[in-house]
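Hi everyone, thanks for coming. Let me put today's structure up on the screen, and then we'll walk through it together.

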Amino acid sequence: MIRSTFALPAILALLSLAGLVSALTGDGWRDFVSWAVLSMPLLATVWAVARRSSRKDQSK
């Protein structure tokens with residue numbers, strides 16, 4: 001399942017949903033959890049862009 005096309009976007013969507021619920025339901029450690037979880041899609045995007053640009057550099 002992890003190698004399927006929609007597994008990673010589904011995991012990121014669930015993490016985002018958990019982060020939003022955590023941010024809306026409390027303060028303190030829940031804020032930290034929400035920041036940590038909501039940064040995962042951003043980090044995944046940065047990783048994907050960096051990986052794609054390194055592949056383009058290797059193909060030249």
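Here is a question to start: are helix 1 and helix 2 roughly parallel or roughly antiparallel to each other? They are roughly antiparallel, a term for angles over 145 degrees, while under 35 counts as roughly parallel, 65 to 115 as roughly perpendicular and the rest as oblique. Before going on, please note that this is a predicted model, where local features need pLDDT of at least 70, side-chain atom pairs count only at pLDDT 80 or more, and totals for chains, interfaces and linings use all residues. Residues are numbered from 1 along each chain as its sequence is written, and side-chain values use heavy atoms, without hydrogens and water.

Now the pair itself. Helix 1 covers residues 7-25, and it packs against helix 2 at an angle of about 155°, with the axes 8 Å apart. Axes here are lines fitted to C-alpha atoms over the stretch in contact, and angles run from 0 to 180 degrees between N-to-C directions. Helices are DSSP runs (H or I, at least four residues), numbered from the N terminus.

Who touches whom? Contact means heavy atoms within 4.5 Å. The residues making the contact include L12, L15 and G19 of helix 1 and V37, L38 and A44 of helix 2.

Let's zoom in on S34, which sits in helix 2 (residues 29-59). S34 counts as buried because its relative accessibility is 4%; buried means under 20%, exposed over 50%, and partly exposed in between, with a 1.4 Å probe and protein chains only. Leaving aside neighbours within four places in sequence, S34 is in contact with G19, S22 and A23.

Terms used. Helices (H or I, at least four residues) and strands (E, at least two) are DSSP runs, numbered from the N terminus.
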